Amino acid sequence: MLNIPSQAFPAPSSQQRVASGGRSKVPLKQGRSLMDWIRLTKSGKDLTGLKGRLIEVTEEELKKHNTKDDCWICIRGFVYNVSPYMEYHPGGEDELMKAAGSDGTDLFDQVHRWVNYESMLKECLVGRMAVKPAVPKDYHEEKKVLNGMLPKSQVPDALAKEGPVSPSYDWFQTDSLVTIVIYTKQKDVNLDSVIVDHQYDSFRAETIIKDYSYLIHIELSHAIQEDFSVRVVANVGKIEIVLKKKENTSWECLGHPLENHNSLIPKKDTGDFVSISNPEGNFKIAQFQELEDLFLLAAGTGFTPMVKILNYALTNISSLRKVKLMFFNKTEDDIIWRSQLEKLAFKDKRFDVEFVLSQPTSEWNGKKGCISPGLLSEFLKRSLDNSKVLICICGPAAFTEQGMRMLHDLNFSKDEIHAFTAS
């Protein structure tokens, strides 16, 4: 890092300059080679001093870290604690110290802009500079997301006066992780205030702040893994959501905004949104082994566990011939994720979805009624006479209990049925 000379750098008296115009490396101590550095970064040791947190760094904070034992450097808006790297740097400590406590981007570009510093220093990443670029009036919302640096949401003056201070968010990345940081500007936020949902390429986070909901709703630019973590720093009102990339590549943007993205809305106006708790149960992935037919029965918010089951089964179970979902609701407006399910059915020919309404309008042409032996016997048709089948059911207690009795009456065994309990 900072060790390839340009015509004007390093100076003729520098220890790196040699008569031939090339460069000479500074002798390193034993055990300080590049491979030693790589081993250190993979050891799990906290190289930032922040115990895995990413923070927003102000210019004033950056200037404080300007010594050999406490050296932060900013490169292209990202701040790194390079103190652990000092003894491993081939160009010597003096070259790193030239950018201590400051923005070293220009110096870095003079020397070796082609070096993959993001990978080399990913375990030293402190966070991102807090200074936001000026935003022109005609700067569209999509462009704001592309830069990953968003100003405060555009909240009407009346709402801003009556409600809490408008939150904002930012995002950071390493080779394998994407961290979305929400700055609520409230000190009473806890994990119960945060609802996170990821389905397919859509990411949604809702934060309850007093009588308001702050929404982040994005179509992500790249795929992520199913599991993610949420951490709340209560004393500063900060929420960190860590997503795992499916591929270790650099994202140029976080994604594109969807409906109500980056907005603060009174909870009374969020009727289009449904907050759902996690399902309970002892479901085992082993039940999918050699599975050929998967049938899902869901009522209302009992749809929750079906999402991950659908995603996992269609992605990972090569033996599957058929996946069917029968989704029970009262009215057409109650159907959660209808467009996504219909899109999935169009995309994957193995999947089919049927909506059943108990209180439909006269214009409804789909199935009507409640769960019944007639509906189930027609729905639960195997692809082959002896195909391996699994039936998952989830919904209100009465729905699940009634459905279980009907499934047993239809001669499905206990091993072929799994019931979830919605909490």
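A: Six strands make up an open sheet in the order E20-E19-E18-E17-E21-E22, with parallel pairing. Strands E20 (367-368) and E22 (417-419) stand at the edges with a single partner strand each, so one side of each has no neighbour in the sheet. Helices (H or I, at least four residues) and strands (E, at least two) are DSSP runs numbered from the N terminus, and two strands pair if DSSP finds at least two bridges between them. This is a predicted model, in which local features need pLDDT of at least 70 and side-chain atom pairs count only at pLDDT 80 or more, while totals for chains, interfaces and linings use all residues. Residues are numbered from 1 along each chain as its sequence is written, and side-chain values use heavy atoms, with hydrogens and water left out.

Q: In which sense do E17 and E18 pair, and over how many bridges?

A: Strands of a sheet pair through backbone hydrogen bonds, either parallel or antiparallel. Here, strand E17 (residues 293-299) and strand E18 (residues 322-329) pair in the parallel sense over seven bridges. Alanine 299, for instance, has phenylalanine 328 in E18 as its bridge partner.

Q: Which strands does helix H8 touch?

A: Contact means heavy atoms within 4.5 Å. Helix H8 (residues 304-316) packs on the sheet and touches E17, E18, strand E19 (351-357) and strand E21 (389-394). The direction of H8 makes about 165 degrees with that of E17; axes are lines fitted to C-alpha atoms, for helices over the stretch in contact, and angles run from 0 to 180 degrees between N-to-C directions. Helix H11 (residues 397-409) also packs on the sheet, touching E17, E18, E21 and E22, and its direction makes about 155 degrees with that of E21.

Q: Which residues of H11 are buried?

A: An α-helix has 3.6 residues a turn, so residues three or four places apart point the same way. In H11 the buried residues (under 20% relative accessible area, with exposed over 50% and partly exposed in between; 1.4 Å probe, protein chains only) are Phe399, Thr400, Gly403, Met406 and Leu407. They cover an arc of only 130 degrees around the axis, which places them on the same side of H11; the arc is that of the directions from the helix axis to the C-beta atoms. Ala397, Ala398, Arg405 and Asp409 are exposed on the other side of H11.

Q: Against which elements do the buried residues of H11 pack?

A: The buried residues of H11 pack against E17, E18, helix H10 (373-379), E21 and E22. Just after H11, asparagine 411 takes a positive phi of about 70 degrees.
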